[in-house]
Amino acid sequence: MTSVLKVVLLGEAGTGKTCLISKFTAGIFNSESISSLSAQFITKTIQVNNESIKFDIWDTAGQEKYRSLAKIFYKDAKAICLCYDITSRKSFEELKDYWYEQQTKLNVDGQPIFAVVGNKIDLFSQQQVKDEEGKEFAKKINAIFQVTSAKSNVGINELFENIGMKFLDPNYDPNKTESQEKMEYEQKKMDKKHQKENSQHDQNKGVKLQAGKKHKKKGFC
Ligand code: GTP
């Protein structure tokens, strides 16, 4: 059986969304890729953990004048790739301040899988956004983090494989909201703390008992 997963790529114009998709689906890099005018979708099926996943990948236009259109496409997405260009701080700031914020307001049908994607890693000598910053943001929003290069074919297969793996994870529930996830996380933390306290308590008890035993033995002698 093949699972279908709708993925949408979002981010500023020029971050390389179209190029990432064409590299992944057709193995082609276009150094003269022109700005997208609307949204288009293309499919690719891959095997992840021996399961077949068909990605319906939506490429959206990053230009400001087309931004409102993107909302129509990412509304029911199961996975969202938030793309920035590692050589452009502006693209990273916009990602946090606009793209992520926008989609959290609208994606009311559940919690999609997020991936923060730092593209153009082949241009590392011009890097303006450190990997650590991307990682930190990804951690904050519970997202996959991946650096990529559509030009040098770095990290793209890994990106889609990781999305697929998260999708297949039995603990992953697409209908879970962000606040539910946070509550479960806090609950797990509290459970762990209690477990630790209980085992500490048992250990102390053990030490006391042992100490008591020794004392008794002494008395017999
Ligand atoms: P919009 O459609 O306007 O939203 O842009 P986009 O995000 O789809 O960017 P696009 O894929 O059209 O790429 C923009 C430019 O960046 C093009 O000139 C690409 O050749 C270049 N580019 C894309 N990916 C890479 C990459 O990994 N490395 C380098 N060096 N250039 C890249």
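The protein has six helices and six strands, and the model described here is a predicted one. Followed along the sequence, these elements come in the pattern β-α-β-β-α-β-α-β-α-β-α-α. The protein counts 221 residues, of which 30% are classed as buried. Among the contacts with a separation of 6 or more, 72% are made by residues 24 or more positions apart.

**The sheet**

The six strands form an open sheet with mixed pairing, and their order across the sheet is β2-β3-β1-β4-β5-β6. At its edges lie β2 and β6 (144-147), each of which pairs on one side only. On average, and with direction ignored, neighbouring strands of this sheet are turned by 25° against each other.

Strand β5 is largely enclosed by the rest of the structure, because seven of its seven residues are buried. From this strand, Ile113, Ala115, Val117 and Asn119 point one way, while Phe114, Val116 and Gly118 point the other way, and all of them are buried. Towards β4, the strand pairs in the parallel sense over seven bridges, and Phe114 in β5 is the bridge partner of Ile80. From β5 the chain crosses through helix α4 (residues 131-140) to β6, in a β-α-β crossover that is right-handed. Strands β5 and β6 run parallel and are joined by four bridges. The table lists residue pairs that stand opposite each other between these two strands.

| Residue | Opposite residue in β6 |
|---|---|
| Ala115 | Ile144 |
| Val116 | Phe145 |

**Helix α1 and the ligand**

The ligand is surrounded by 22 residues, and the closest of these are Ala13, Gly16, Ser35, Ser36 and Gly62. By class, the residues of this shell divide into five nonpolar, 13 polar and four charged. Which helix gives the most to the shell around the ligand? It is helix α1 (residues 17-26), which contributes three residues.

An α-helix has 3.6 residues a turn, so residues three or four places apart point the same way.

**After the helix**

Just after α1, Gly27 takes a positive phi of about 70°. Phe29 is then found in the loop between α1 and β2.

Although Phe29 and Cys19 are ten residues apart in sequence, they are 5.9 Å apart in space, C-alpha to C-alpha. When the neighbours within four places in sequence are left aside, Phe29 is in contact with Cys19, Lys23, Ala150 and Lys151.

Key
Residues are numbered from 1 along each chain as its sequence is written. This is a predicted model: local features need pLDDT of at least 70, side-chain atom pairs count only at pLDDT 80 or more; totals for chains, interfaces and linings use all residues. A residue is near a molecule or strand if its C-beta atom, placed from the backbone, lies within 6 Å of it. Ala, Val, Leu, Ile, Met, Phe, Trp, Tyr, Cys and Pro count as nonpolar, Asp, Glu, Lys and Arg as charged, and the others, Gly among them, as polar. Two residues are in contact if their C-beta atoms, placed from the backbone, lie within 7 Å. Two strands pair if DSSP finds at least two bridges between them. Axes are lines fitted to C-alpha atoms, for helices over the stretch in contact, and angles run from 0 to 180 degrees between N-to-C directions. A residue is buried if 20 or more other C-beta atoms lie within 10 Å of its own, exposed if 12 or fewer, and partly exposed in between; C-beta atoms are placed from the backbone. A crossover is right-handed if, with the strands pointing away from the viewer, the path from the first strand over the helix to the second runs clockwise.
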